[in-house]
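Subject: The structure, and what turned up in it

Hi,

Here is the structure I promised you, with its sequence. Have a look around first, and then read on for my notes.

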Amino acid sequence: AQAILAETAQPCLPFGRSPSLVRFAQTLAMQRLASRLPGQAHFLTAKDCLEAFAFFDSDGSGRMEFPEMQEAFNKMLAPARVNISAYKGKTFTPAKFRTTAERCHRKYPQYDVVGNMMKFIKENREKADDDDADITDKELRKLFDTYDKDRSGVMSIHELVGVWGYLRLPFHLIMDARAMDGSVSFEEFCGLIRDIDAAHPDLDVDEKINTFIAHLGAGPPAINTAPHMANAPAGAAGDEDPPKKKALLVGINYVGTSCALGGCINDANNQKAALMENFGFAEEDIRMMTDDTDEKPTAANIRAGLEWLIEGADAGDYLFFAYSGHGSQLPCQDATEPDGKNEILCPLDLQDDWYANSIKDDYLYDLFYKRVPDGVRCLCVYDCCHSGTMADLSCTRVFKPPWEESDVKDRFLEPPEEMAAEVEAGAAAAKENGVTQRDTSFPGDGSKDLIWTISGCQDNQTSADATIDGQRQGACTWALLSALKTGGRNGPWKYQYESLLGEMRKKLKKGGYTQVPGMATTEEELFQRFYLANSP
(Lines give C-alpha, C1' and ligand atoms only; values in the text may rest on other atoms or scores of the structure.)
Protein backbone atom coordinates (compact mmCIF):
# COMPACT_ATOMS: atom_id res chain seq x y z
CA ALA A 1 0.00 0.00 0.00
CA GLN A 2 2.84 2.38 0.84
CA ALA A 3 4.49 1.63 -2.51
CA ILE A 4 1.29 2.52 -4.36
CA LEU A 5 0.92 5.73 -2.38
CA ALA A 6 4.53 6.65 -3.05
CA GLU A 7 4.10 6.02 -6.76
CA THR A 8 0.86 7.98 -7.10
CA ALA A 9 2.35 10.86 -5.13
CA GLN A 10 4.78 11.63 -7.96
CA PRO A 11 4.27 15.08 -9.52
CA CYS A 12 1.59 15.32 -12.19
CA LEU A 13 1.89 18.96 -13.21
CA PRO A 14 -0.79 20.37 -15.53
CA PHE A 15 0.16 23.12 -17.94
CA GLY A 16 -1.13 25.02 -20.93
CA ARG A 17 -4.53 25.93 -19.46
CA SER A 18 -5.61 29.25 -17.99
CA PRO A 19 -9.32 28.90 -17.17
CA SER A 20 -11.45 31.91 -16.35
CA LEU A 21 -13.17 32.24 -12.99
CA VAL A 22 -16.32 30.48 -14.17
CA ARG A 23 -14.26 27.50 -15.36
CA PHE A 24 -12.52 26.95 -12.03
CA ALA A 25 -13.66 23.89 -10.11
CA GLN A 26 -15.82 25.11 -7.21
CA THR A 27 -14.91 23.29 -4.03
CA LEU A 28 -17.26 22.05 -1.35
CA ALA A 29 -16.54 23.78 1.94
CA MET A 30 -15.20 20.67 3.63
CA GLN A 31 -13.56 19.04 0.61
CA ARG A 32 -10.30 20.75 1.48
CA LEU A 33 -10.47 19.39 5.00
CA ALA A 34 -11.45 15.96 3.68
CA SER A 35 -8.61 15.96 1.15
CA ARG A 36 -6.12 16.02 4.01
CA LEU A 37 -7.48 12.82 5.53
CA PRO A 38 -5.37 9.72 4.86
CA GLY A 39 -8.43 7.44 4.52
CA GLN A 40 -10.74 8.49 1.70
CA ALA A 41 -13.49 6.61 -0.07
CA HIS A 42 -13.19 6.62 -3.85
CA PHE A 43 -15.34 9.25 -5.50
CA LEU A 44 -14.90 7.61 -8.90
CA THR A 45 -16.87 4.39 -8.77
CA ALA A 46 -15.28 1.26 -10.14
CA LYS A 47 -17.90 1.29 -12.91
CA ASP A 48 -16.89 4.84 -13.93
CA CYS A 49 -13.28 3.74 -13.90
CA LEU A 50 -13.91 0.71 -16.09
CA GLU A 51 -15.94 2.75 -18.56
CA ALA A 52 -13.30 5.46 -18.91
CA PHE A 53 -10.50 2.92 -19.17
CA ALA A 54 -12.29 1.00 -21.94
CA PHE A 55 -12.17 4.01 -24.28
CA PHE A 56 -8.39 3.75 -24.47
CA ASP A 57 -7.74 0.05 -23.87
CA SER A 58 -7.59 -0.69 -27.60
CA ASP A 59 -6.87 -4.42 -27.30
CA GLY A 60 -9.24 -5.06 -24.40
CA SER A 61 -6.43 -6.56 -22.32
CA GLY A 62 -7.26 -4.63 -19.15
CA ARG A 63 -3.83 -2.99 -19.30
CA MET A 64 -2.53 0.27 -20.74
CA GLU A 65 1.07 1.18 -21.31
CA PHE A 66 2.37 4.67 -20.58
CA PRO A 67 1.82 6.14 -24.11
CA GLU A 68 -1.83 5.05 -23.99
CA MET A 69 -2.22 6.55 -20.54
CA GLN A 70 -0.68 9.85 -21.64
CA GLU A 71 -3.03 9.96 -24.62
CA ALA A 72 -6.00 9.20 -22.36
CA PHE A 73 -5.21 12.08 -20.01
CA ASN A 74 -4.62 14.51 -22.89
CA LYS A 75 -7.91 13.62 -24.61
CA MET A 76 -10.03 13.66 -21.46
CA LEU A 77 -8.62 16.94 -20.16
CA ALA A 78 -8.28 18.83 -23.46
CA PRO A 79 -7.38 21.60 -23.99
CA ALA A 80 -5.23 21.11 -20.89
CA ARG A 81 -2.18 18.88 -21.24
CA VAL A 82 -1.08 16.92 -18.21
CA ASN A 83 2.49 15.80 -17.76
CA ILE A 84 2.54 12.30 -16.25
CA SER A 85 6.11 11.53 -17.31
CA ALA A 86 6.84 10.34 -13.76
CA TYR A 87 4.92 7.18 -14.73
CA LYS A 88 6.93 6.46 -17.89
CA GLY A 89 7.53 2.75 -18.27
CA LYS A 90 4.62 1.84 -15.99
CA THR A 91 1.67 -0.37 -16.88
CA PHE A 92 -1.81 0.75 -15.84
CA THR A 93 -4.78 -1.38 -14.84
CA PRO A 94 -8.23 0.23 -14.43
CA ALA A 95 -7.63 0.29 -10.66
CA LYS A 96 -4.33 2.12 -11.07
CA PHE A 97 -5.98 4.44 -13.60
CA ARG A 98 -8.55 5.42 -10.95
CA THR A 99 -5.93 5.95 -8.25
CA THR A 100 -3.89 8.21 -10.53
CA ALA A 101 -6.88 10.29 -11.66
CA GLU A 102 -8.19 10.80 -8.11
CA ARG A 103 -4.77 11.67 -6.77
CA CYS A 104 -4.29 14.34 -9.44
CA HIS A 105 -7.81 15.66 -8.82
CA ARG A 106 -7.16 16.14 -5.11
CA LYS A 107 -3.78 17.70 -5.64
CA TYR A 108 -4.79 20.08 -8.44
CA PRO A 109 -8.42 21.15 -7.81
CA GLN A 110 -8.14 24.09 -10.20
CA TYR A 111 -7.99 21.66 -13.14
CA ASP A 112 -11.01 19.54 -12.18
CA VAL A 113 -9.44 16.29 -13.42
CA VAL A 114 -12.35 14.02 -12.48
CA GLY A 115 -14.99 16.54 -13.62
CA ASN A 116 -13.49 16.70 -17.08
CA MET A 117 -13.06 12.94 -17.16
CA MET A 118 -16.76 12.42 -16.37
CA LYS A 119 -17.69 14.96 -19.03
CA PHE A 120 -15.63 12.99 -21.55
CA ILE A 121 -17.33 9.72 -20.57
CA LYS A 122 -20.79 11.21 -20.93
CA GLU A 123 -20.07 12.74 -24.32
CA ASN A 124 -18.54 9.54 -25.71
CA ARG A 125 -20.74 6.93 -24.13
CA GLU A 126 -22.30 4.39 -26.45
CA LYS A 127 -25.76 3.42 -25.30
CA ALA A 128 -25.98 -0.25 -24.33
CA ASP A 129 -28.90 -2.39 -23.25
CA ASP A 130 -27.54 -2.72 -19.71
CA ASP A 131 -26.24 0.87 -19.43
CA ASP A 132 -28.18 1.48 -16.23
CA ALA A 133 -27.17 -1.81 -14.61
CA ASP A 134 -24.91 -1.51 -11.59
CA ILE A 135 -22.95 -4.48 -12.93
CA THR A 136 -23.04 -4.89 -16.72
CA ASP A 137 -23.05 -8.20 -18.55
CA LYS A 138 -19.79 -7.16 -20.22
CA GLU A 139 -17.99 -6.81 -16.90
CA LEU A 140 -19.54 -9.95 -15.43
CA ARG A 141 -18.39 -11.82 -18.52
CA LYS A 142 -14.79 -10.74 -17.84
CA LEU A 143 -15.01 -12.09 -14.30
CA PHE A 144 -16.75 -15.29 -15.34
CA ASP A 145 -14.32 -16.08 -18.18
CA THR A 146 -11.34 -15.48 -15.89
CA TYR A 147 -12.28 -18.51 -13.81
CA ASP A 148 -13.96 -20.55 -16.52
CA LYS A 149 -10.51 -21.65 -17.58
CA ASP A 150 -11.59 -24.51 -19.84
CA ARG A 151 -14.17 -22.28 -21.61
CA SER A 152 -16.86 -24.82 -20.86
CA GLY A 153 -19.42 -22.11 -20.22
CA VAL A 154 -19.78 -23.02 -16.55
CA MET A 155 -18.03 -22.03 -13.33
CA SER A 156 -17.65 -24.63 -10.63
CA ILE A 157 -19.24 -24.00 -7.26
CA HIS A 158 -15.78 -24.19 -5.71
CA GLU A 159 -14.58 -21.36 -7.95
CA LEU A 160 -17.70 -19.31 -7.23
CA VAL A 161 -17.16 -19.75 -3.48
CA GLY A 162 -13.50 -18.80 -3.93
CA VAL A 163 -14.38 -15.55 -5.69
CA TRP A 164 -17.01 -14.81 -3.03
CA GLY A 165 -14.51 -15.38 -0.25
CA TYR A 166 -11.94 -13.18 -1.95
CA LEU A 167 -14.53 -10.38 -1.94
CA ARG A 168 -15.10 -10.98 1.79
CA LEU A 169 -18.84 -11.40 1.35
CA PRO A 170 -21.03 -13.65 3.55
CA PHE A 171 -20.98 -17.22 2.22
CA HIS A 172 -24.48 -18.04 3.38
CA LEU A 173 -25.90 -15.70 0.73
CA ILE A 174 -24.79 -17.86 -2.17
CA MET A 175 -25.60 -21.02 -0.23
CA ASP A 176 -29.13 -19.75 0.43
CA ALA A 177 -29.63 -18.48 -3.12
CA ARG A 178 -29.33 -21.77 -4.97
CA ALA A 179 -28.77 -25.46 -4.56
CA MET A 180 -25.12 -26.39 -4.74
CA ASP A 181 -25.36 -28.73 -7.74
CA GLY A 182 -21.77 -28.48 -8.91
CA SER A 183 -21.65 -25.55 -11.35
CA VAL A 184 -23.30 -22.34 -12.58
CA SER A 185 -23.78 -21.09 -16.13
CA PHE A 186 -23.06 -17.50 -17.06
CA GLU A 187 -26.77 -16.64 -17.04
CA GLU A 188 -27.18 -18.20 -13.59
CA PHE A 189 -24.07 -16.38 -12.39
CA CYS A 190 -25.43 -12.98 -13.54
CA GLY A 191 -28.82 -13.59 -11.95
CA LEU A 192 -27.26 -14.76 -8.70
CA ILE A 193 -25.00 -11.73 -8.39
CA ARG A 194 -27.73 -9.22 -9.21
CA ASP A 195 -30.31 -10.83 -6.93
CA ILE A 196 -27.91 -10.72 -3.96
CA ASP A 197 -26.90 -7.13 -4.79
CA ALA A 198 -30.56 -6.04 -4.87
CA ALA A 199 -31.47 -7.89 -1.67
CA HIS A 200 -28.45 -6.70 0.32
CA PRO A 201 -27.55 -3.16 -0.80
CA ASP A 202 -25.51 -2.53 2.33
CA LEU A 203 -22.91 -5.07 1.14
CA ASP A 204 -22.13 -2.95 -1.94
CA VAL A 205 -21.71 -6.11 -4.03
CA ASP A 206 -21.68 -4.23 -7.33
CA GLU A 207 -18.80 -1.94 -6.31
CA LYS A 208 -16.78 -4.82 -4.89
CA ILE A 209 -17.18 -6.87 -8.05
CA ASN A 210 -16.39 -3.95 -10.34
CA THR A 211 -13.31 -3.20 -8.21
CA PHE A 212 -12.28 -6.86 -8.48
CA ILE A 213 -12.63 -6.65 -12.27
CA ALA A 214 -10.63 -3.40 -12.34
CA HIS A 215 -7.65 -5.31 -10.90
CA LEU A 216 -7.80 -8.21 -13.37
CA GLY A 217 -5.43 -6.48 -15.79
CA ALA A 218 -2.60 -7.20 -13.36
CA GLY A 219 -3.46 -10.89 -13.55
CA PRO A 220 -6.28 -12.84 -11.91
CA PRO A 221 -5.78 -13.12 -8.15
CA ALA A 222 -5.40 -16.56 -6.67
CA ILE A 223 -8.58 -17.68 -4.97
CA ASN A 224 -9.08 -20.25 -2.25
CA THR A 225 -11.60 -22.75 -3.59
CA ALA A 226 -12.01 -24.32 -0.16
CA PRO A 227 -12.19 -21.36 2.23
CA HIS A 228 -13.32 -21.46 5.83
CA MET A 229 -17.06 -20.90 5.60
CA ALA A 230 -17.53 -18.95 8.83
CA ASN A 231 -18.48 -15.33 8.39
CA ALA A 232 -16.70 -12.55 10.23
CA PRO A 233 -18.62 -11.05 13.17
CA ALA A 234 -20.81 -8.10 12.22
CA GLY A 235 -19.51 -5.70 14.85
CA ALA A 236 -16.31 -3.68 14.65
CA ALA A 237 -13.79 -2.91 17.36
CA GLY A 238 -13.99 0.68 18.53
CA ASP A 239 -17.77 0.95 18.35
CA GLU A 240 -18.28 0.93 22.11
CA ASP A 241 -21.22 2.99 23.35
CA PRO A 242 -20.02 6.57 23.95
CA PRO A 243 -20.11 7.83 27.55
CA LYS A 244 -21.25 11.21 26.23
CA LYS A 245 -22.95 12.29 22.99
CA LYS A 246 -23.41 15.86 21.79
CA ALA A 247 -24.71 17.33 18.54
CA LEU A 248 -24.82 20.74 16.86
CA LEU A 249 -27.37 20.91 14.04
CA VAL A 250 -27.46 23.94 11.72
CA GLY A 251 -30.11 24.41 9.03
CA ILE A 252 -30.44 27.74 7.20
CA ASN A 253 -33.21 28.51 4.70
CA TYR A 254 -32.25 32.22 4.39
CA VAL A 255 -35.93 33.13 4.64
CA GLY A 256 -36.88 36.41 2.98
CA THR A 257 -33.66 36.71 0.96
CA SER A 258 -32.95 36.33 -2.74
CA CYS A 259 -30.97 33.16 -2.04
CA ALA A 260 -33.69 31.38 -0.03
CA LEU A 261 -33.71 27.60 0.20
CA GLY A 262 -36.55 25.36 1.32
CA GLY A 263 -35.17 22.19 2.87
CA CYS A 264 -32.40 23.07 5.31
CA ILE A 265 -34.57 23.53 8.40
CA ASN A 266 -36.22 20.20 7.65
CA ASP A 267 -32.78 18.62 7.35
CA ALA A 268 -31.87 19.79 10.86
CA ASN A 269 -35.20 18.64 12.30
CA ASN A 270 -34.93 15.23 10.60
CA GLN A 271 -31.38 14.80 11.88
CA LYS A 272 -32.52 15.64 15.42
CA ALA A 273 -35.35 13.11 15.28
CA ALA A 274 -32.98 10.40 14.03
CA LEU A 275 -30.41 11.13 16.74
CA MET A 276 -32.95 11.01 19.56
CA GLU A 277 -35.05 8.08 18.34
CA ASN A 278 -32.33 5.78 17.06
CA PHE A 279 -28.91 6.78 18.41
CA GLY A 280 -29.56 7.59 22.07
CA PHE A 281 -28.90 11.34 22.01
CA ALA A 282 -30.65 13.27 24.79
CA GLU A 283 -32.50 16.43 23.74
CA GLU A 284 -30.51 18.57 26.18
CA ASP A 285 -27.31 17.45 24.41
CA ILE A 286 -28.52 18.64 21.01
CA ARG A 287 -28.16 22.30 20.08
CA MET A 288 -30.32 23.53 17.18
CA MET A 289 -29.76 26.63 15.06
CA THR A 290 -32.23 27.43 12.27
CA ASP A 291 -34.12 30.45 10.97
CA ASP A 292 -36.96 29.39 13.31
CA THR A 293 -35.05 28.94 16.58
CA ASP A 294 -34.45 31.64 19.16
CA GLU A 295 -30.72 31.16 18.65
CA LYS A 296 -30.26 32.18 15.01
CA PRO A 297 -27.50 30.60 12.87
CA THR A 298 -25.35 33.73 12.68
CA ALA A 299 -21.58 33.48 12.38
CA ALA A 300 -21.05 34.32 16.05
CA ASN A 301 -23.66 31.80 17.21
CA ILE A 302 -22.33 29.00 15.00
CA ARG A 303 -18.81 29.56 16.31
CA ALA A 304 -20.16 29.59 19.88
CA GLY A 305 -22.06 26.39 19.14
CA LEU A 306 -18.94 24.68 17.86
CA GLU A 307 -17.08 25.73 21.01
CA TRP A 308 -19.94 24.26 23.07
CA LEU A 309 -19.75 21.04 21.03
CA ILE A 310 -16.10 20.32 21.82
CA GLU A 311 -16.12 21.70 25.38
CA GLY A 312 -15.42 19.00 27.97
CA ALA A 313 -15.03 16.24 25.39
CA ASP A 314 -13.06 13.18 26.54
CA ALA A 315 -11.80 10.02 24.85
CA GLY A 316 -14.70 7.77 23.82
CA ASP A 317 -17.26 10.59 23.46
CA TYR A 318 -19.11 11.12 20.17
CA LEU A 319 -19.57 14.60 18.67
CA PHE A 320 -21.91 15.19 15.72
CA PHE A 321 -22.02 18.34 13.58
CA ALA A 322 -24.46 18.68 10.67
CA TYR A 323 -24.69 21.74 8.43
CA SER A 324 -27.35 22.30 5.77
CA GLY A 325 -27.23 25.54 3.85
CA HIS A 326 -25.22 27.40 1.26
CA GLY A 327 -21.51 26.95 0.66
CA SER A 328 -19.32 29.46 -1.14
CA GLN A 329 -15.75 30.79 -1.52
CA LEU A 330 -13.71 33.77 -0.50
CA PRO A 331 -10.48 35.02 -2.07
CA CYS A 332 -7.44 33.36 -0.48
CA GLN A 333 -5.38 36.26 0.84
CA ASP A 334 -2.20 34.39 1.78
CA ALA A 335 -1.48 32.86 -1.66
CA THR A 336 -1.63 29.28 -0.37
CA GLU A 337 -4.50 27.99 -2.54
CA PRO A 338 -3.75 27.23 -6.22
CA ASP A 339 -7.21 28.34 -7.36
CA GLY A 340 -7.11 31.57 -5.30
CA LYS A 341 -10.04 30.55 -3.09
CA ASN A 342 -10.86 29.52 0.46
CA GLU A 343 -13.98 27.46 1.04
CA ILE A 344 -16.63 28.68 3.48
CA LEU A 345 -19.95 27.86 5.08
CA CYS A 346 -22.53 30.66 4.86
CA PRO A 347 -24.16 31.82 8.14
CA LEU A 348 -27.42 33.74 8.11
CA ASP A 349 -25.62 37.09 8.38
CA LEU A 350 -22.89 36.35 5.82
CA GLN A 351 -23.92 39.10 3.43
CA ASP A 352 -23.49 41.75 6.11
CA ASP A 353 -19.74 41.12 5.93
CA TRP A 354 -18.40 38.24 3.84
CA TYR A 355 -14.99 38.21 5.48
CA ALA A 356 -16.00 38.62 9.13
CA ASN A 357 -19.13 36.47 9.01
CA SER A 358 -17.98 33.41 7.09
CA ILE A 359 -17.06 30.04 8.62
CA LYS A 360 -13.81 29.19 6.83
CA ASP A 361 -12.45 25.73 6.15
CA ASP A 362 -9.22 26.55 7.99
CA TYR A 363 -11.20 27.36 11.15
CA LEU A 364 -13.05 24.04 10.99
CA TYR A 365 -9.81 22.18 10.34
CA ASP A 366 -8.11 23.73 13.35
CA LEU A 367 -11.16 23.13 15.54
CA PHE A 368 -11.55 19.42 14.85
CA TYR A 369 -7.90 18.42 14.41
CA LYS A 370 -5.97 20.61 16.79
CA ARG A 371 -8.38 21.17 19.65
CA VAL A 372 -10.45 18.01 20.00
CA PRO A 373 -8.72 15.60 22.43
CA ASP A 374 -7.32 12.29 21.18
CA GLY A 375 -9.82 9.45 21.18
CA VAL A 376 -12.90 11.64 20.77
CA ARG A 377 -15.05 10.46 17.85
CA CYS A 378 -16.38 13.20 15.54
CA LEU A 379 -18.79 12.95 12.61
CA CYS A 380 -19.44 15.97 10.37
CA VAL A 381 -22.17 15.98 7.69
CA TYR A 382 -22.11 18.83 5.15
CA ASP A 383 -25.16 19.07 2.91
CA CYS A 384 -24.09 22.17 1.05
CA CYS A 385 -23.23 23.07 -2.49
CA HIS A 386 -20.05 24.32 -4.04
CA SER A 387 -20.37 23.80 -7.76
CA GLY A 388 -20.35 27.28 -9.30
CA THR A 389 -21.55 28.27 -12.77
CA MET A 390 -19.46 26.06 -15.06
CA ALA A 391 -22.25 25.62 -17.58
CA ASP A 392 -19.85 24.44 -20.26
CA LEU A 393 -19.04 21.31 -18.25
CA SER A 394 -22.08 19.07 -18.18
CA CYS A 395 -20.86 17.29 -15.07
CA THR A 396 -20.77 20.52 -13.09
CA ARG A 397 -24.18 21.96 -13.83
CA VAL A 398 -26.93 22.18 -11.22
CA PHE A 399 -27.94 18.54 -11.06
CA LYS A 400 -31.65 17.80 -10.83
CA PRO A 401 -34.06 14.90 -11.31
CA PRO A 402 -34.87 14.15 -14.97
CA TRP A 403 -38.32 15.69 -15.08
CA GLU A 404 -38.76 18.98 -16.90
CA GLU A 405 -40.69 20.98 -14.34
CA SER A 406 -38.46 20.94 -11.28
CA ASP A 407 -38.07 23.34 -8.38
CA VAL A 408 -34.71 21.89 -7.39
CA LYS A 409 -32.24 24.51 -6.20
CA ASP A 410 -28.52 24.23 -5.66
CA ARG A 411 -26.92 25.14 -2.35
CA PHE A 412 -24.26 27.47 -3.67
CA LEU A 413 -24.14 31.17 -2.82
CA GLU A 414 -22.40 33.24 -5.49
CA PRO A 415 -19.82 35.64 -4.00
CA PRO A 416 -20.15 39.36 -4.78
CA GLU A 417 -18.82 40.37 -8.19
CA GLU A 418 -16.14 42.60 -6.70
CA MET A 419 -14.47 39.52 -5.22
CA ALA A 420 -13.81 37.99 -8.64
CA ALA A 421 -10.74 40.18 -9.20
CA GLU A 422 -9.45 39.29 -5.74
CA VAL A 423 -9.82 35.57 -6.52
CA GLU A 424 -7.87 35.96 -9.75
CA ALA A 425 -5.21 37.97 -7.94
CA GLY A 426 -4.96 35.25 -5.28
CA ALA A 427 -4.51 32.55 -7.92
CA ALA A 428 -1.82 34.64 -9.66
CA ALA A 429 -0.02 35.23 -6.35
CA ALA A 430 -0.12 31.51 -5.58
CA LYS A 431 1.38 30.76 -8.99
CA GLU A 432 4.14 33.31 -8.41
CA ASN A 433 4.89 31.66 -5.07
CA GLY A 434 5.16 28.28 -6.73
CA VAL A 435 1.90 26.95 -5.25
CA THR A 436 0.61 24.56 -7.90
CA GLN A 437 -1.07 21.99 -5.69
CA ARG A 438 -3.23 21.91 -2.60
CA ASP A 439 -1.61 21.28 0.77
CA THR A 440 -2.72 17.82 1.88
CA SER A 441 -0.48 17.56 4.91
CA PHE A 442 -1.91 16.11 8.09
CA PRO A 443 -0.83 17.05 11.64
CA GLY A 444 0.77 14.06 13.35
CA ASP A 445 0.13 10.48 12.35
CA GLY A 446 -3.65 10.78 12.72
CA SER A 447 -3.88 7.45 14.53
CA LYS A 448 -5.73 8.95 17.50
CA ASP A 449 -7.92 11.30 15.45
CA LEU A 450 -11.26 9.55 14.99
CA ILE A 451 -12.99 11.85 12.51
CA TRP A 452 -15.39 11.13 9.67
CA THR A 453 -16.82 13.62 7.17
CA ILE A 454 -19.73 13.04 4.81
CA SER A 455 -20.17 15.63 2.07
CA GLY A 456 -23.18 16.14 -0.15
CA CYS A 457 -21.31 16.00 -3.42
CA GLN A 458 -17.90 16.05 -5.05
CA ASP A 459 -16.01 19.29 -5.46
CA ASN A 460 -17.21 19.77 -9.04
CA GLN A 461 -20.90 19.22 -8.28
CA THR A 462 -23.86 20.69 -6.44
CA SER A 463 -25.96 19.47 -3.55
CA ALA A 464 -29.63 19.60 -4.43
CA ASP A 465 -32.38 21.24 -2.35
CA ALA A 466 -35.56 19.50 -3.57
CA THR A 467 -38.99 18.14 -2.73
CA ILE A 468 -38.57 14.43 -1.93
CA ASP A 469 -41.28 12.18 -0.48
CA GLY A 470 -43.54 15.22 -0.16
CA GLN A 471 -41.09 17.23 1.93
CA ARG A 472 -38.57 19.91 1.02
CA GLN A 473 -35.12 18.64 2.03
CA GLY A 474 -31.52 18.20 1.00
CA ALA A 475 -30.90 15.26 -1.31
CA CYS A 476 -27.80 14.22 0.64
CA THR A 477 -29.51 14.29 4.05
CA TRP A 478 -32.49 12.43 2.59
CA ALA A 479 -30.24 9.73 1.10
CA LEU A 480 -28.31 9.38 4.36
CA LEU A 481 -31.34 9.04 6.64
CA SER A 482 -33.27 6.95 4.12
CA ALA A 483 -30.39 4.47 3.82
CA LEU A 484 -30.06 4.25 7.60
CA LYS A 485 -33.80 3.76 8.07
CA THR A 486 -34.04 1.07 5.40
CA GLY A 487 -31.09 -0.73 6.91
CA GLY A 488 -29.23 -3.75 5.66
CA ARG A 489 -28.38 -7.21 6.94
CA ASN A 490 -27.88 -5.82 10.49
CA GLY A 491 -31.26 -4.08 10.57
CA PRO A 492 -32.34 -0.42 10.44
CA TRP A 493 -29.96 2.31 11.65
CA LYS A 494 -26.97 -0.05 11.82
CA TYR A 495 -24.61 0.64 8.95
CA GLN A 496 -20.86 0.55 8.52
CA TYR A 497 -19.59 3.81 7.04
CA GLU A 498 -18.21 2.36 3.81
CA SER A 499 -21.40 0.42 3.03
CA LEU A 500 -23.50 3.44 3.97
CA LEU A 501 -21.75 5.60 1.39
CA GLY A 502 -22.47 3.07 -1.35
CA GLU A 503 -26.16 2.90 -0.44
CA MET A 504 -26.44 6.70 -0.37
CA ARG A 505 -25.01 6.86 -3.88
CA LYS A 506 -27.48 4.26 -5.12
CA LYS A 507 -30.47 6.09 -3.66
CA LEU A 508 -29.39 9.38 -5.22
CA LYS A 509 -28.82 7.72 -8.58
CA LYS A 510 -32.23 6.01 -8.53
CA GLY A 511 -33.81 9.35 -7.59
CA GLY A 512 -32.30 10.98 -10.67
CA TYR A 513 -29.62 12.95 -8.81
CA THR A 514 -26.16 12.87 -10.34
CA GLN A 515 -24.36 14.29 -7.31
CA VAL A 516 -21.96 11.80 -5.73
CA PRO A 517 -21.63 12.05 -1.93
CA GLY A 518 -18.15 11.77 -0.51
CA MET A 519 -16.68 10.37 2.66
CA ALA A 520 -13.30 10.69 4.34
CA THR A 521 -11.72 9.63 7.60
CA THR A 522 -8.36 9.65 9.34
CA GLU A 523 -7.54 5.94 9.06
CA GLU A 524 -8.55 3.46 6.37
CA GLU A 525 -9.81 0.95 8.94
CA LEU A 526 -12.29 3.48 10.31
CA PHE A 527 -14.51 2.93 7.26
CA GLN A 528 -15.41 -0.39 8.89
CA ARG A 529 -16.81 1.30 12.00
CA PHE A 530 -20.55 1.68 12.42
CA TYR A 531 -22.35 4.99 11.97
CA LEU A 532 -22.39 6.78 15.34
CA ALA A 533 -21.09 3.57 16.96
CA ASN A 534 -24.52 1.92 16.60
CA SER A 535 -23.20 -1.61 16.02
CA PRO A 536 -25.24 -4.84 16.26
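Helix 10 covers residues 186-199, which makes 14 residues. Helices here are DSSP runs of H or I with at least four residues, strands are runs of E with at least two, and both are numbered from the N terminus.

Before going further, please note that this is a predicted model, in which local features need pLDDT of at least 70, side-chain atom pairs count only at pLDDT 80 or more, and totals for chains, interfaces and linings use all residues. Residues are numbered from 1 along each chain as its sequence is written, and side-chain values use heavy atoms, with hydrogens and water left out.

Which residues of helix 10 are buried? They are Phe186, Phe189, Cys190, Leu192, Ile193, Ile196 and Asp197. Buried means under 20% relative accessible area, exposed means over 50%, and partly exposed lies in between (1.4 Å probe, protein chains only). Looking down the axis of helix 10, you will find its buried residues within an arc of 165°, so they line one face of the helix. That arc is taken from the directions from the helix axis to the C-beta atoms. Glu187, Asp195, Ala198 and Ala199 are exposed on the other side of helix 10.

Helix 7 (residues 137-147) is worth a look too: its buried residues are Glu139, Leu140, Leu143, Phe144, Thr146 and Tyr147. These fall within an arc of 160° seen down the axis of helix 7, so they also line one face of the helix. The buried residues of helix 7 pack against several elements, among them helix 3 (46-54), helix 8 (157-166), helix 10 and helix 11 (205-214).

Now for some single residues. Asn253 sits in the loop between strand 8 (245-251) and helix 12 (264-278). Is Asn253 buried or exposed? Its relative accessibility is 8%, so Asn253 counts as buried. A polar atom of the Asn253 side chain lies 3.3 Å from the backbone nitrogen of Ile265. Leaving aside neighbours within four places in sequence, the contacts of Asn253 (heavy atoms within 4.5 Å) include Gly262, Gly263, Cys264 and Asp291.

Arg472 belongs to strand 17 (residues 471-474). With a relative accessible area of 15%, Arg472 is buried. Its side chain is joined to that of Thr467 by a polar contact of 3.4 Å. A polar contact is a pair of N or O atoms within 3.5 Å; within protein, one must be able to donate a hydrogen and the other to accept it, and residues adjacent in sequence count only if both atoms are side-chain atoms.

Val114 lies in helix 6 (residues 113-124) and is buried at 5% relative accessibility.

Finally, the whole protein. There are 17 helices and 18 strands, and of the 536 residues, 58% count as buried. The structure holds zero disulfides (pairs of cysteine sulfur atoms within 2.5 Å).

Happy exploring!

Terms used
The expected span of a helix is 1.5 Å times one less than its number of residues.
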